[in-house]
Amino acid sequence: MEMQQFYYDNKIVKKFLYASILFGVVGMSVGLIIAFMFLFPNMTDDIAWLSFGRLRPLHTNAVIFAFVGNAIFAGIYYSLQRLLKARMYSDLLSNINFWGWQLIIVAAAITLPLGYTTSKEYAELEWPIDIAIALVWVIFGINMIMTILRRRERHLYVAIWFYLATFITVAVLHIFNSLELPVSAMKSYSVYAGVQDALVQWWYGHNAVAFFLTTPFLGLMYYFVPKAANRPVYSYRLSIIHFWSLIFLYIWAGPHHLLYTALPDWAQNLGVVFSIMLLAPSWGGMINGLLTLRGVWDKVRTDPVLKFFVVGITGYGMVTFEGPMLSLKNVNAIAHYTDWIVAHVHVGALAWNGFMTFGMIYWLIPRMTKTKLYSIALANFHFWIGTLGIILYALPMYVAGFMQASMWDQFKPDGTLQYGNFLETVTEIMPFYLMRAIGGTLFIIGLLVLVYNIIQTVRKGSAVEDELAEAPALTKISAGRMKGEKFHPWLERKPIQLTILATVAILIGGIIQIVPTIMVKSNIPTISSVKPYSPLELEGRDLYIREGCNNCHSQMIRPFRSEVMRYGEYSKAGEFVYDHPFLWGSKRTGPDLAREGVPGKPNNGGRSDDWHFNHMWNPQSTSDGSIMPGYKWIIRNQLDKSHTQDKMRAMQTLGVPYTDAEVADAMKTMDTQASKIEANLMKNNDIKKSFEDHKASQGTEFIPAKEREIVALIAYLQRLGTDITKQDNAK
């Protein structure tokens, strides 16, 4: 049989690896900065683009899409060529994939600190960047699929199944969750509202974890662990069961992020059932990975690559056991909104994604530079300090989460809340935030050791060159199943059929959950008293989104005695029908704000306009012990009204019942409402004097209080919850 010579493209792998390392340092450094903000909330005082609410999504996007994303591309481009015995289909497409992805990352690094955000977790980037992501992702998919079709190896190895499922599912998730109506070049509104938006977002959010942080890494595990251990995969049959059950079940599990919320019970219960079942295929993958090391455990003692892989796979097993447990309603009632979830997420991100990436880097770089790793001792040091960092990060957050939940739910003998002031909880967990910051510091020290070790390895090695290989051309055989050939072996040589079946498997759950929630009106009972936001409140809501307030404050009161006593009447689905996007939040660093504007609610609500003004200027002046930073620029900045009417027209298009007259009178309506808030503020002598002094110094440049952003934000906060009373009846 005639052999064909060709070259594997190592240069594209090198580019993605270097980008992954670079953005790993950047993304984790931002994470460390915001960890220290819990201890020193005013460390970036009055610097808008360095505020917590803007840096937090930068951290998550940088780690997920820049650090992990580049590592995924590097691993896939390296392994796919060798598994298919073919060079990537197009060097041009490979390079467009690389440079396009880096431009998207840079765009995120610029726009998120500037406050351009959709507010949707892990999908914060605005519509032009969403389009770029879709285009680059499709280019990656075309390159991968065309390479598969031009392969010289008939059998598609299990890793490739995971790569294909990743490509298809991420494309579907991103496109449907990012459906939004543009208002301007960098502003849009989600086409979904309230409960429907929440369901679509967490269908995306959970499955972004599933199909961006899990399935591609399982594919990489199936390639790199056997390579590093020089052992075959433990069980081929288990890999088949593991793959199909995982991709089918994972897509159903999103609603477990919304337990006890206003989401219909049937959707919540579906999420719980499939989340519990998800334990089996998840552990099937972990077992297949760890048992691949049978017979070579002695190598784990000395080989840092295998050390990273073992702890990475073990971390995967831990979080995929914990995830189904967290989906049980009685456990979720404790953990949701607390730092327990932060611990859970970071065990997955640091151990599974981080350590698997580090192991892959330590294995790949010496091979591509044709040398040995500069220092095994430094790699082992990285492993141990990284492991210690994970432990010091996660354990304090688990304890903090339990403490938060127990303090929030504690009652006195007379039936009142034991810890009625939310800040009592915050004060108690400050030591754990310090330990978390120390753990993060240790983990980054390990990453910097990797950077040094890799730089030294590259310096002493050869330049990365394309690698010569040879293989016989693929001969044609019968398109149908050969005699005695079982279905799955036949499917493993049929990439198109495999991709179609995988697509069907991932679409079923999403269709069954999302379509009825959107189409069947009885799922979202309306409430007659709920009205659209006024133009000023709409602008205030956009400021709330811009500053990332939903990162720390929820707007969803669960039907628990403790929450109703603390925050007011529990939340109903009909409250959110005009909320594009929903702002329920997923973490309570501060109290829930769903009833912030309701007078007389215990421990929350009914605060005066001047209280909100002072709170935004200096939170510690109104709330002793608060770890919220000040937002002084909101008080200084003039409110931009140039797009207000465009925003209202966009909302009209999305079904919000603004009349044309209301849109036309928007400026007048805003002035009337703003003037009332301004009058309330001027009743406070200190605020009045500060404005008078400012006017004297500014002269004609002076901006009246009613024209400033703070007034719009106050209008929005004072609106929250005021549409709802216990007497309202759903219709």
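This is a predicted model: local features need pLDDT of at least 70, side-chain atom pairs count only at pLDDT 80 or more; totals for chains, interfaces and linings use all residues.
Student: Where does Asp46 lie?
Tutor: Asp46 is in the loop between α1 (10–37) and α2. Its phi is positive, near 65°, and it is a residue other than glycine. Most residues other than glycine have a negative phi. The helix names follow DSSP runs numbered from the N terminus (H or I, at least four residues, for helices; E, at least two, for strands).

Student: Which loop holds Tyr337, and what is its phi?
Tutor: Tyr337 sits in the loop between α13 (329–335) and α14 (339–368). Its phi is positive, about 75°, although it is not a glycine. Tyr337 counts as buried, because its relative accessibility is 1%.

Student: Switching topic: what joins His580 and Pro581?
Tutor: A cis peptide bond with omega of about 0° joins them. Pro581 belongs to the loop between α21 and α22.

Student: How many residues does α2 have, and how far does it reach?
Tutor: Helix α2 runs over residues 52–84, which makes 33 residues, and it reaches 45 Å from its first C-alpha to its last. That is close to the 48 Å expected at 1.5 Å a residue, where the expected span is 1.5 Å times one less than the number of residues.

Student: Where does α2 bend?
Tutor: The bend is at Gly69 and is about 30°; a bend is the angle between axes fitted to the seven residues ending at a residue and the seven starting there. Just after α2, Lys85 takes a positive phi of about 50°.

Student: How many residues of α2 are buried?
Tutor: The count is 33 of the 33, so α2 is largely enclosed by the rest of the structure.

Student: What about α19: where does it bend?
Tutor: α19 bends by about 30° at Ile511. It covers residues 495–519, and its end C-alpha atoms are 35 Å apart, which agrees with the 36 Å that its 25 residues should span. Its buried residues include Pro495, Leu498, Gly509, Gly510 and Thr517.

Student: Which residues is Gln196 in contact with?
Tutor: Leaving aside neighbours within four places in sequence, Gln196 is in contact (heavy atoms within 4.5 Å) with Thr517, Ile518 and Ile524. Gln196 itself is in helix α6 (residues 194–211).

Student: Last one: which residues lie nearest the centre of the largest pocket?
Tutor: They are His553, Gly590, Pro591, His615 and Met628, among 39 lining residues. A pocket is an open set of points on a 1 Å grid over the protein atoms alone, where a 1.4 Å probe fits, with protein on both sides within 12 Å along at least five of seven lines; lining residues have an atom within 4 Å of a point.

Student: Which helix gives the most to that lining?
Tutor: It is α22, with 4 residues.

Conventions
Residues are numbered from 1 along each chain as its sequence is written. Side-chain values use heavy atoms; hydrogens and water are left out. Buried means under 20% relative accessible area, exposed over 50%, partly exposed in between (1.4 Å probe, protein chains only).
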